[in-house]
Amino acid sequence: MQSSLSVSDSDGSSFAPLVVLELAENTEAEAITWLLNRIKDKQQNGGAELLVEQLQVSGQDEQKRSPKVFLVGSTWQRLLSGAEDVGLFKEFYDGTMRGFTYANRESFKDFEGDGDGFLSIAECQYIIKHELDTLRAKGEEHVPGYPKVKLYPGKSVIRRLQSKGILVQCFPLHDKEELKRLSFSWYRKIKLSYQPLDDIRHYFGEGLGLYFGFLEYFTFALVPMAFIGIPYYLFAWEDYDRYVLFAVFNLLWSTVFLEVWKRCSAQLAYRWGTLSRKKAFEEPRPGFHGVLGFNPVTGREEPIYPNTKRQLRIYLVSVPFVMLCLYLSLHVMMIYFDMENWALSIYDEDPNFWTSVLLFIPSIIYAVVIELMNLLYRYAAEFLTHWENHRLESSFQNHLVLKVLVFNFVNCFASLFYIAFVMQDMVLLRQSLATLLITSQILNQVMEAFLPYWLQRRRNKKVHKRVKRMMGDKELPLVEQVQLESDMNTYLGTFDDYLEQFLLFGYVSLFSCVYPLAALLVVLNNVTEVYSDAFKMCHVFKRPFSEPTSDIGVWQLAFETMSAIAVVTNCALIGLSPQVNAYFPEAETQLILTVVAVEHIILAFKFILAFVIPDVPKHIQIKLAKLEFESLEALKKKKMLEAAEIPKTNK
């Protein structure tokens, strides 16, 4: 809980504000009163039973209230009962992770007294968000004051208000003291050490904790590749025949890398209590719309959108649009090769320093164009996926990830595949890979680190002056904090962060054998990425709600797919090497068959390795099995007691 900040509700009891609700400026007073009553009402009456108060702003002459911004908190007992409702897992006294129950709260480790400090602030805010999201419509036909905004019995009130623009934003507040401690241990000191993953998870939740855990693991996993790549680069710079050995090492590395990560991910998820946590029932997205119909799952009337209509939109509009974008990407690639030929012709006519510099210009321009195309396509993909009208957020994210990954893969790597296997020019491949990788990293650092830092400093100064002018000489830290955080950018999730790492993994695993410094460049990029991402999470973005998750989701499949493609690519590069071709001087068909056979053997080895290495370590499997056994035994005892009580009641 936030100890440094507190407000008082209408009953006079003080509470720590955890979540901010901001309504639209023109929200009807009738709707505000209705929403506040629903939030405060008892659970048995269909309310959330939370504490809420309007944000108080102090002026020079008199005190007034802002009717559009509200602070939400809760009693400690309500949070503990909410922890059981959301299925929170906490460490039991015997060291195992078990689902928290309010009745057995004393048996959980670190539960002392009334339990103050037992739940992290991220968990408290997640519980409040869950209670707000599950605030459901009862007998109301529409939102009071808005006859056209229909309410459907049993559906989420908050999501309905969000979809209609009445609720502008809902975000959790930062805890200044805890944020200072996290910043100091995370990024304020430049040091070569592990990240404080437990502290990150404690403050931001499991979703971000796993992302930074993956970023750290990926960076350390690249270190052997980087160390091997440096001498390889220095002593075999022009000898491209020797890239065969590096390609073989690349194959082994990309195979083992993801299998070991799954075990690391399982260990983190178990320690954080999300590995065996049941997935909550997924509510429809706020933007989902349709005709009122009967849902056989929930047994309620709610908007229904025909799946046939959605599939028609996907296959008749989205797929052709993606294909058109891929064609444009390939067309731009051919323009790039024309520019390369033009620069090379100028260099051949007059080889000097300036014409040698000109040789890199087409690749730099092409790298910038790739980033711009990726950015524009991302907006188009989001628009199309919204237009497809997916009911669930998970379905929306899966379709968006697929669209973005397909285009980014072709846009970023098509030219490298063309150079490697059509032109078979290893010198140009090395030059293009180096230029694309370095240019994209520079652009990403500018867009992700320097630009957000500069914009946030400007925004903070403006907001600080505005708040000072509004409050006069008096300072209200809570008001200023809410003003600052409400104007911050909203963090849109780890999508772009994982996408960047996916593309970097592709550069390393696919073609780094011809440019051994690729791994070193990615290591340096990721080290700066840790500090820039940490700064952005602490000072640029609003604090996101915790996302309980046990793995990196669909991105695990994306990385595994890239790893399989890397096997095929590296085997093909090995087959093109003069060293291997020397063994098949006049038997090209035999060479192709041999390369294909080796590629199939390595893929088979990869799948066998994935089967042999368990995703969950043995000691965690034993703990999970023990917990399941104890649950079954407890259920048997409960049934036996119920059966024994039936004859007594009959008497």
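How many nonpolar, polar and charged residues does the lining of the second largest pocket have? By class, there are 27 nonpolar, 7 polar and 9 charged residues. (Ala, Val, Leu, Ile, Met, Phe, Trp, Tyr, Cys and Pro count as nonpolar, Asp, Glu, Lys and Arg as charged, and the others, Gly among them, as polar.)

Before you select anything, note that this is a predicted model, in which local features need pLDDT of at least 70 and side-chain atom pairs count only at pLDDT 80 or more, while totals for chains, interfaces and linings use all residues. Residues are numbered from 1 along each chain as its sequence is written, and side-chain values use heavy atoms, with hydrogens and water left out.

**Stop 1: the second largest pocket**

Select L375, N444, M447, E448 and D496, which lie nearest the centre of this pocket among its 43 lining residues. Its volume is about 1,300 Å³. Elements giving two or more residues to the lining are α7 (206-235), α11 (361-387), α12 (393-423), α13 (426-471), α15 (495-511) and α16 (518-540). The largest share, 10 residues, comes from α11. (Helices are DSSP runs of H or I with at least four residues, strands are runs of E with at least two, and both are numbered from the N terminus.)

A pocket, on a 1 Å grid over the protein atoms alone, is an open set of points with protein on both sides within 12 Å along at least five of seven lines; a cavity is a set where a 1.4 Å probe fits but cannot get out; lining residues have an atom within 4 Å of a point. Grid points are joined across faces, edges and corners, and a volume is the space filled by probe spheres set on the points.

**Stop 2: a cavity**

The structure holds 2 cavities of 30 Å³ or more.

**Stop 3: V404**

Now go to V404 in helix α12. V404 counts as buried, at 1% relative accessibility. (Buried means under 20% relative accessible area, exposed over 50%, and partly exposed in between, with a 1.4 Å probe and protein chains only.) Leaving aside residues up to four places away in sequence, V404 touches Y377, R378, A381, F495 and L499, where contact means heavy atoms within 4.5 Å.

**Stop 4: two loop residues**

Most residues other than glycine have a negative phi. E49, in the loop between α1 and β4 (51-58), has a positive phi of about 55 degrees. N389, in the loop between α11 and α12, has a positive phi of about 60 degrees. E49 is partly exposed at 26%, whereas N389 is buried at 0%.

**Stop 5: rings**

There are 40 aromatic pairs. (Rings of Phe, Tyr and Trp, the last by its six-membered ring, pair if their centres lie within 6.5 Å; planes under 30 degrees apart count as stacked, over 60 as edge-to-face and the rest as tilted.) Select F218 and F257, a tilted pair at 5.4 Å centre to centre, with 55 degrees between the planes. F218 lies in helix α7 and F257 in helix α8 (residues 243-271), so the pair ties together parts 39 residues apart in sequence.

Finish with R543, which lies over the face of Y203 at 3.7 Å from the ring centre. (A charge sits over a ring if NZ of Lys or CZ of Arg is within 6 Å of the ring centre and within 35 degrees of the ring normal.)
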